[in-house]
Amino acid sequence: MPSFKTLDDLNDITGKRVLVRVDLNVPVSDGKVTDATRIERVAPTILELSAKGAKVILLAHFGRPKGGPDAEFSLKIIQSAVEAVLDHRVQFASDCIGAPAAEAIASMENGGILLLENTRFHKGEEKNEPDFVKALAANGDIFVNDAFSAAHRAHASTEGLAHILPAYAGRTMQAELEALEKGLGNPTRPVVAIVGGAKVSTKIDLLKNLVKKVDALVIGGGMANTFLAAQGINVGKSLCEHDLADTAREIMVEAKKSGCDIVLPVDGVVAREFKAGAANETVSVKSIPVDAMMLDVGPDSVAAVNAWIGKANTLVWNGPLGAFEIEPFDKATVSAAKHAAEETKAGKLVSVAGGGDTVSALNHAGVADDFTYVSTAGGAFLEWMEGKPLPGVNVLNKAK
Ligand code: AMP
């Protein structure tokens, strides 16, 4: 049972004004939305509320305006893209508080959908100012938060509102929280985590949290070099943060204390140039040439990763095992991703993945749809992996 209220707890909302916090922070080029994934993710909540006869009022931020109106960051730009995804008329109000919002809401029909202008056009949004929260709340009877990706921020529209209006999780928020619960909250063991990507420095908190929670931690990508070097292995010209050797050793000590197996590469694919098709060879990590860099983990290492995926009941994944954007250094990432997808489809694995490049890596492997859950939330997903409390989620839990 979730510890937060969902749309299932919302009865008889015909004519009610429902403020729905959504993530519409989509990429735009030349005034056109280039990837509507985020709009698609929140569509079920919006359409469900509309079908139940509510007046659906959308709150969102867009880009990083400096606390005042700025045409470049107007949500008006994406109004038609939202209409296209929803296949439903969407009205627009030029301010998220005050007369423009109130007038637009007053003319709404039951089941109507209204997009309010960028919440970040007001300084009170990011400061979570009580007066701004009140001004937002004046437009609604109920608050639904469907923006997990903004839940790591205690802003007025992500956190403040839930203190003063009855608060519910939207369908996307609900799916995300249920998946995360299965991934690390209350997982079926054994749990294996794969952490890759470029640098240890951006993932220290994440690694420290994971070693306490998982049975095996696979470290791949550029960050594996830092761990190898910390054990006295010569990594040649590989991307490596030598100044983090102590941190890497600390993490290994912590892992041992917690009974977490650290799985480091035993072989790697090395090249002299960071580019697609670069001449390469597979070597043991103990014999990386001084003038070469490891751009992917090797076949023996992938076999070990895949063996862990086979043994595990739960997989949590952030970061590619190699430089997957340039072939052939995508091989390990693609192999492990496909194996995890097969195990998931066979009902043997719960697989939860997220964080910017991870989504592109799984898309590159063609398996994103086969994972149990792929989070597009970026920062919030990483903070969850770091074990940090997410203000937007905590306040929903409290509301129950
Ligand atoms: P992150 O954003 O930290 O998840 O890092 C993702 C980036 O790490 C991708 O752009 C990869 O190309 C890069 N990466 C992965 N493995 C390596 C490697 N062995 N050497 C250099 N870069 C890598």
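Strand 12 (residues 267–271) and strand 13 run antiparallel and are joined by 5 bridges; strands are DSSP runs of E with at least two residues, helices DSSP runs of H or I with at least four, and both are numbered from the N terminus. Gly268 stands opposite Val283 in strand 13. The model is predicted: local features need pLDDT of at least 70, side-chain atom pairs count only at pLDDT 80 or more, and totals for chains, interfaces and linings use all residues. Residues are numbered from 1 along each chain as its sequence is written, and side-chain values use heavy atoms, with hydrogens and water left out.

In the order 13-12-14, 3 strands form an open sheet with antiparallel pairing, where two strands pair if DSSP finds at least two bridges between them. Strand 13 (280–284) and strand 14 (293–297) are the edge strands, each pairing on one side only. From one strand to the next the twist averages 40 degrees, with axes as lines fitted to C-alpha atoms and angles running from 0 to 180 degrees between N-to-C directions.

## Ligand surroundings

There are 15 residues around the ligand, and Ala198, Lys203, Met294, Glu325 and Asp357 come nearest; a residue counts as near if one of its heavy atoms lies within 4 Å.

Polar contacts are pairs of N or O atoms within 3.5 Å. A polar side-chain atom of Glu325 lies 2.5 Å from a ligand oxygen atom. Through a backbone N or O atom, Met294 lies 3.0 Å from a ligand nitrogen atom. For a backbone N or O atom of Gly222, the distance to a nitrogen atom of the ligand is 3.2 Å.

## Helix 13

Thr358, Val359, Ala361, Leu362 and Ala365 are buried in helix 13 (residues 356–365); buried means under 20% relative accessible area, exposed over 50%, and partly exposed in between (1.4 Å probe, protein chains only). These residues lie on the same side of helix 13 because they cover an arc of only 165 degrees around the axis, taken from the directions from the helix axis to the C-beta atoms.

The buried residues of helix 13 pack against strand 15 (314–318), helix 12 (331–345), strand 16 (350–354) and strand 17 (373–375), contact being heavy atoms within 4.5 Å. Just after helix 13, Gly366 has a positive phi of about 75 degrees.

## Helix 3

In helix 3 (residues 98–106), the buried residues are Ala101, Ala104 and Ile105. Their arc around the axis is only 100 degrees, so they sit on the same side of helix 3. Glu103 and Ala106 are exposed on the other side. The cover over the buried residues includes strand 1 (17–21), strand 4 (55–59), strand 5 (91–93) and strand 6 (113–116).

Key
Polar contact = N/O pair within 3.5 Å; in protein donor to acceptor, adjacent residues only side chain to side chain.
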